[in-house]
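Me: I'm new to this one. Can you walk me through it?
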Amino acid sequence: MGLVKNLSIGILGTGFMVLTAAAQAKAVTLTYDRSIGSPGFGPGQLFVPQGIAVDSQGNTLISNGRGVNPDGTPNYNFGDKIEKFSPSGQYIGAIGSGGTGPGQFDEPTTVDFNPVTGDLYAGDVYNNRINQFDSQGNFIRSFANGKFTGLIPGRIFFGPSGVTFDKAGNVYAGDFNGERIFKFTPDGKQIGVIGGTVGTGLGETQGVAGIRISPVSGNIFLADQYNNRVKVLDPNGKPLYTFGSAGSGPGQLLQPIGIEVDDQENVYVADSINSRVQVFDKSGKFLTSYGKPALDASGKLVPPPGLTDPPFGNPLDLTPGRFNWTGGTALKDGKLYVGDFFQGRVQVLNVKGTRKVPEPSSALGLALLGLGAATVTLRKRGQQKPVFSLEKELQKQC
C-alpha cells in the first residue's frame, strides 16, 4: 500500500508539473535584424521618423519629418511625405508631398493601415487633420480638420499622435495635447471621444502618444508620455489600470511614445529618452528590453539635437542597437520596427519566444492528460485499479 500511495503522489506531482509548464510562456527576446533608411535630406533618406507601417506586401512606410527654413518657416522641399521602402529595404517612392492641399502634409506623424478596409491613415500635424489614402497610396480624403488641440506651454508637440483600429475598422486617433482619443468611422465621421482630462489620476493623461487596440481583448493601450507610464482602457474607454514609472531601470519609462500589442497581449513600448524599447506582459510585468543610447568616440552619451539644430545627433552612432531616442513603432510578422528618432533610420528587430499561454481549463486538461497516460501505463503493467481518482481528490480539497 505504501508503494501505491507513493506512486499516486508521484503521478499527481507529474500532472501538476505538466500544469506548471503549460502555464508558463516563453520569455520574449529581441535581436537586431537590419536597418531601413539613412540620415539625410535626399531621396530615401530620413529625419525624425515619427510613424511606421508595413503593408501586406512587406513594404515599409515611414513618415518623414518636416522641412523648415532657418527662420522657422516651412520648406516643403524636405520631408513632409511618407517614404516607401521595399521588403529588402530599397527606396521605391513616396506617398504625398509637402504642402497644405489635398493629400499633402505639413509634418506627417502616425501612420497605419486599416486591417478591415486596407486604407492608409496618416496624421498631418500643422494641417491639423488625418489624411486617408487607399492601399496603393491614392488620396481619398482628409478628415477631423481642425479638431486636434494646438501647442500648449511646456510642450513642443501637438496634433494627431497615434492611430489604431478596432475589429470593425473604426479609426481611433490620439489628440496629444487634448488628452483624448477621437473615434471615427472608416470614412472619417466622428462617433465618439475618450478621455479629455489632464492630470496624473487613473482617468487622466499628460500627453496622449501612441495608442493600440489589443487584437485579443479589445482593450486600448495608450502611451501616457509625460506621466511616464502605459495606461490601459477597456473597449469602451473605461480606465482599468496603468503600469510603469519615471526612471531608467527595468520597467521604468522616460516619455514613452510608440506602443504595440501582439496576439498574446505582450506590450512593446518605445521608451524614447531611454533610447530603448521595453516589453511587458498585459498586466505590466516587465519582460525584456532592447537598445542603448548612442555614444561618441569617447564613450559619452550623444545628446539629442537642440530646437534650432539640424535634426540629427552629433555625432551619429549607427551601431546596431544604438538609438538617439526611440519613437514610432510597428509590429508585423514577427518583426518590430522602431524609429531611431535623431539618427534618421528605422531599426528592425526579430521578436522571438512568444507563444499562446493556455487558459486554466486547457492547462488542467494537459495535467489530466499526463495523469491519464500514467494510469494507462500502470494498467498495462498489471495494476487493475487507477491509482488516482480526480473526483476523490477534489472531494478531499472541499
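Me: Where does Glu107 lie?
Reply: Glu107 is in the loop between β9 (104-105) and β10 (108-113). Keep in mind that this is a predicted model.

Me: And what is the phi of Glu107?
Reply: Glu107 has a positive phi of about 80 degrees, although it is not a glycine.

Me: Is Glu107 buried or exposed?
Reply: Glu107 counts as buried because its relative accessible area is 12%, and the cut-off for buried is under 20%.

Me: What about Gln255, what is its phi?
Reply: Gln255 is not a glycine either, yet its phi is positive, about 55 degrees.

Me: Which strands are on either side of Gln255?
Reply: Gln255 sits in the loop between β21 (239-243) and β22 (256-261).

Me: New topic. What kind of peptide bond runs from Asn314 to Pro315?
Reply: That bond, from Asn314 to Pro315, is cis. Its omega is near 5 degrees.

Me: Where is Pro315 placed?
Reply: Pro315 is in a loop too, the one between β26 (292-293) and β27 (322-323).

Me: Let's zoom out. How many helices and strands does the protein have?
Reply: The protein has 3 helices and 30 strands.

Me: How much of the protein counts as buried?
Reply: Of its 398 residues, 50% count as buried.

Me: Last one. What share of contacts join residues at least 24 apart?
Reply: The share is 48%, taken among contacts between residues at least 6 apart in sequence.

Methods. Residues numbered from 1 in each chain as written. Predicted model: local features only at pLDDT ≥ 70, side-chain atom pairs only at ≥ 80, totals over all residues. Heavy atoms only, no water. Helix = DSSP H or I, 4+ residues; strand = E, 2+ residues; numbered from the N terminus. Buried < 20%, exposed > 50% of the residue type's maximum accessible area, 1.4 Å probe, protein only. Contact = heavy atoms within 4.5 Å.
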